[in-house]
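Hello,

I am handing over a structure for you to look at. My notes on it follow below.

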Amino acid sequence: MSQSIGLKGKLGLNVFKEDRVFHIKIKTGCEKDARLKRAIFACPAGLYSENDNGDVVVSSDGCLECGCCLVACGSEVLEWHYPSGGSGVQFRFG
Amino acid sequence: MGSQGESSFDAIIVGGGLAGLAAAYTMAAEGLEVLLLERGDYCGAKNVTGGRIYINPVRELFPELWKKAPLERHIAHEEVCLMSRKSSITMRYDGAELKEEPYQSYSVLRGKFDKWLAKEAERKGAMIVTRSRVDDLIIEDGRVKGVIAGGEELRADVVIAADGVLSFTARKAGLLKDIASNNYAVGFKEIIELDPEVIEERFNLEGNEGAARLFMGDATAGKFGGGFIYTNKTSLSLGMVVGIGALAENPDLKAPEILDRFKERPEVARLINGGETAEYSAHLIPEGGFKAMGELFGDGILVVGDAAGFSMNIGVTVRGMEYALASGHYAARAVSEAKQKNDFTRSGLAVYAGLLNESFVMKDFINFKESLEVLDYPPLFTHYPELAGSIMKDLYRVPDGPKERIYPTMRKYLTMSEFWGLLKLGRRMMKI
C-alpha cells in the first residue's frame with residue numbers, strides 16, 4: 001500500500017547519486033537562528049530538525065533540490081548550491 | 001561560429017528544462033550553433049510538474065512536435081473539490097466538448113517528456129551536454145560573455161538563463177529581485193503506479209482519457225494552496241502546492257505530514273488503494289507573477305521560463321510549462337534577430353521583450369497580476385470550505401423528526417457579517 005511506507009521509505013524510492021560534499025550548509029553561528037526553524041516545516045523531504053541543544057541540523061539524505069529551505073530561510077543562514085553535475089536526485093518520472 | 005571569431009557558440013543555454021530545450025530546438029532549427037548545459041544525468045532529471053500541460057497557446061509555435069510528443073492522457077474530466085474537515089463538495093466539468101480534438105490539455109511526466117524534447121533538439125543540431133553544472137558567468141565590461149562549467153570557460157554571443165526558479169545564472173547577472181518567500185510555493189508529489197484498467201475504472205475514463213482533480217481547503221490543512229491528482233497512463237500524480245509563507249509562518253504541520261493527511265482522506269484513499277508509490281519529488285514554483293518579475297534581458301543574456309518567473313496560479317488553472325516553451329521560443333527568435341544585426345547588447349536583445357509583450361505570455365501576466373494577492377486569502381482555505389460543508393450537511397440531512405425549512409436553515413449560516421464577507425470576497429475576485 002502506498003500509504004504505509006513513510007517519508008524515509010518514499011525518499012528511498014528515488015534515484016540518488018551522492019555528491020562529494022553535501023550542497024547545503026547551515027552557516028556557522030546560525031544554528032539557533034529562528035529563520036532556520038522555518039525549514040523544519042517547509043522542507044518536503046523533512047531534512048531539517050532541531051537537536052537537543054536547540055541547534056537546527058540538516059540531513060543530507062534524500063534532498064529533492066527544490067530550494068524550499070533557501071526561500072523559506074534566506075541566504076544569510078544557508079549556504080546553498082546545486083549538487084555538482086550528475087549528482088543528487090535524478091527524477092525518472094518528474 | 002561567433003560573430004567576431006571570439007565566441008565558440010551563438011548561444012549557451014543554461015538548463016535543459018522546457019524553456020531551455022525550446023530555445024535550443026528553435027535556434028538549432030534556424031542553423032545557429034547552440035550549446036545546452038544540463039546538470040542532471042539527462043534532461044528532465046531535475047524537473048517536476050504537478051501534472052498537466054495546456055497545448056493551445058503553444059501548438060503553432062512548435063507545429064511538428066505535438067503529434068509525436070510523449071504525453072500521458074488527454075484531460076476530459078475536470079473536477080474541483082472543496083474539502084472541509086469531514087466532508088467535501090465536488091464540482092465536475094466534463095461531457096462531449098472535452099472529448100473533442102484537438103484536446104486542450106494532457107497529463108505529462110517530465111522525466112519522459114524532457115528527455116524526448118532533448119532528442120528532438122539534438123536532431124535539429126543542438127549540442128546538449130548533461131551532468132554539467134554551470135558555476136559562474138563570464139562577465140567582461142558589464143557584458144555576459146559566457147559561462148564557467150566544470151572549471152572550463154565556454155564563450156558565446158548570448159547566454160540564455162533557463163536554470164529554473166532559483167536561477168543562479170540570472171541572479172549573478174543582477175537581473176532578478178531578492179527572493180521574497182511569499183512569492184513562492186512548493187509543489188510536492190508522489191507517482192503512484194496502478195494498472196491502467198484500475199485508473200480508468202476509478203476515474204470513469206474511456207480509453208486514453210484522463211482526469212484532473214484539484215482539492216482546496218482541508219486538503220492542504222487549510223493552508224494557501226491546493227491538492228491535485230492527475231491520471232497518467234499507468235500512474236497517478238498525487239500531490240499538492242502550498243505557499244512557502246503558509247508552511248513556514250504558521251508552523252503546525254510539516255509539509256510531508258500534510259501530504260500524508262491528504263492521502264488518508266477517504267475521498268482520496270480509495271482512489272490510490274493498492275497503488276505503489278514509485279517516486280517522491282518536489283519543486284519550487286514562482287507564483288509572484290508580473291509584480292515579482294525581474295529584468296528579462298541584459299547585455300549578452302536572456303532569461304526564460306521559471307527563471308524569469310513565468311508561472312501562474314489563477315485557481316483552477318495553474319500553469320507554467322506553456323510559458324516556458326513560449327519564452328524559450330521567443331528568446332531563440334530574439335537571438336536570431338540580434339545575430340543578423342550583430343548586436344547582442346541589451347538594446348539588441350530588447351526584441352525579446354517585444355515578442356513576449358505581443359504574445360499570450362506577457363498579456364496573461366499583466367491580466368492576472370493581482371491573482372496571487374487575491375488568492376492568498378486565508379478564509380478561502382479554512383472558513384469557506386467549512387461553511388459550504390455545513391450548509392450541505394443541513395441541506396441533505398433528514399433528521400429523525402421534522403425537517404426545518406430551507407430558508408431559515410440558510411439564514412442561520414448566511415448572517416449579516418457572512419454576507420458582507422462574501423461581498424468582500426466577490427470584490428477581491430473581480431480583480432482576477
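How many helices and strands does chain B have? Chain B has 15 helices and 19 strands. Here helices (H or I, at least four residues) and strands (E, at least two) are DSSP runs, numbered from the N terminus.

This is a predicted model, in which local features need pLDDT of at least 70, side-chain atom pairs count only at pLDDT 80 or more, and totals for chains, interfaces and linings use all residues. Residues are numbered from 1 along each chain as its sequence is written, and chains are lettered from A and ligands numbered from 1 in the order in which they are written.

Chain B

The radius of gyration of chain B is 23 Å, close to the 22 Å that the globule rule gives for 432 residues, so chain B is as compact as a globular protein of that length. That radius is taken over C-alpha atoms, and the rule is 2.2 Å times the number of residues to the power 0.38. The C-alpha atoms of chain B fill a box of roughly 90 × 45 × 40 Å along the principal axes. Of its 432 residues, 52% are buried. A residue is buried if 20 or more other C-beta atoms lie within 10 Å of its own, exposed if 12 or fewer, and partly exposed in between, with C-beta atoms placed from the backbone.

The axes of helix H13 (residues 383-396) and helix H14 (residues 406-413) of chain B come within 10 Å and cross at roughly 160 degrees. That makes H13(B) roughly antiparallel to H14(B), a term for angles over 145 degrees. Axes are lines fitted to C-alpha atoms, for helices over the stretch in contact, and angles run from 0 to 180 degrees between N-to-C directions. Leu387(B), Ser390(B), Ile391(B) and Asp394(B) in H13(B) meet Thr409(B), Met410(B) and Tyr413(B) in H14(B).

Some loops of chain B also hold local features. A cis peptide bond, with omega about -5 degrees, joins Glu101(B) and Pro102(B); Pro102(B) is in the loop between strand S5 (88-94) and strand S6 (105-107). Arg131(B), in the loop between strands S7 (127-129) and S8 (134-140), is not a glycine but has a positive phi, near 55 degrees. Ser167(B) also has a positive phi without being a glycine, at about 25 degrees, and lies between strand S10 (152-161) and helix H3 (168-172). Arg131(B) counts as partly exposed, with 17 C-beta neighbours inside 10 Å, whereas Ser167(B) has 25 and counts as buried.

Chain A

Chain A has three helices and six strands, in the order α-β-β-α-β-β-α-β-β from the N terminus. Its C-alpha atoms fill a box of roughly 40 × 35 × 20 Å, taken along the principal axes. Of the 94 residues of chain A, 43% count as buried.

Where the chains meet

34 residues of chain A are in contact with 48 residues of chain B, contact being C-beta atoms, placed from the backbone, within 7 Å. Helix H1 (6-13), helix H2 (34-42) and helix H3 (68-73) of chain A each supply at least two residues of the side that touches chain B. That side of chain A divides into 20 nonpolar, 10 polar and four charged residues. Ala, Val, Leu, Ile, Met, Phe, Trp, Tyr, Cys and Pro count as nonpolar, Asp, Glu, Lys and Arg as charged, and the others, Gly among them, as polar.

Regards

Conventions. Two residues are in contact if their C-beta atoms, placed from the backbone, lie within 7 Å. Angles under 35 degrees count as roughly parallel, over 145 as roughly antiparallel, 65 to 115 as roughly perpendicular and the rest as oblique.
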